[in-house]
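Hi,

Here is the structure I promised to pass on. Have a look when you get a moment, and my notes follow below.

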Amino acid sequence: MSADKAAATALFKFFDENSDNTLSFDELKEGMANVGSKFSEADVRAFFDKYDKDKNGIIDFEEFLALCIDINSSDSEKAVASLFASVDKDGNKSLSHAELRAGIAAYTGKPIDDGEVTALIKQLDIDGDGEVSYSEFTQNLLVKISVAIKKS
C-alpha cells in the first residue's frame, strides 16, 4: 500500500466513528471539528456533497480516495502553499504557535484557543521541534481537506 493510500485509510478510519466503512455528513463534520477545523455547516455540506458522487448521503472509501486524489492536485497544492505563506509571517518556512493561532483565526473567521493550537501542532509536528515546517504542513491530508472545504 502506498504511503498516500495508507494515510487516506488512517484518516478515513479516524472519521468513521461507527466503523461502518462509510462517512456520514455528521462524521465528516465532527471529525473536522475534532482536529480543530472550524467551518460552517454550509461549507462542510458543500464539500461533502461534491464528493458524494453517487448522491446516497454517505462517502464510501472509494469516494474518499477520489477526494484525497483531488486534494493532491496541483491547484490544491498551490492553495495549500499559498495558505502556508500567508500564515508564515516571518517567512522562515516554519509556523510557530502564535502564527498558527493567528492564521487559523484569519482563515476560519473564528477564534481558536491555545489548547486547540497546541493539539494541532502535536498532530502536525513530525520532527518534534514545536513548530510546523512547510513540509509537515503541506504533506498533511487534514490541511488539504481544510483547504478544499474552504474552496467549496
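To start with a question: how many residues apart in helix 3 are D49 and R45? This is a predicted model, and in it D49 and R45 are four residues apart in helix 3, which puts about one helical turn between them.

K29 and D26 both lie in helix 2 (residues 25-34), three residues apart, or about one turn of the helix. Their side chains form a salt bridge of 3.8 Å, N to O. K29 is partly exposed at 26% relative accessibility, and D26 is partly exposed at 42%. K29 also pairs with E41, where the closest N and O atoms are 3.4 Å apart. Because E41 lies in helix 3 (residues 41-51) and K29 in helix 2, this pair ties together parts that are 12 residues apart in sequence. In total, the structure holds four salt bridges.

As for the overall picture, the protein has nine helices and four strands, in the order α-β-α-α-β-α-α-β-α-α-β-α-α along the sequence. Of its 152 residues, 43% count as buried. The accessible surface comes to about 7,800 Å², with 53% of that belonging to carbon and sulfur atoms.

Best wishes

Key
Residues numbered from 1 in each chain as written. Predicted model: local features only at pLDDT ≥ 70, side-chain atom pairs only at ≥ 80, totals over all residues. Heavy atoms only, no water. Helix = DSSP H or I, 4+ residues; strand = E, 2+ residues; numbered from the N terminus. Buried < 20%, exposed > 50% of the residue type's maximum accessible area, 1.4 Å probe, protein only. Areas by Shrake-Rupley, 256 points an atom, 1.4 Å probe, with all protein chains shown as cover.
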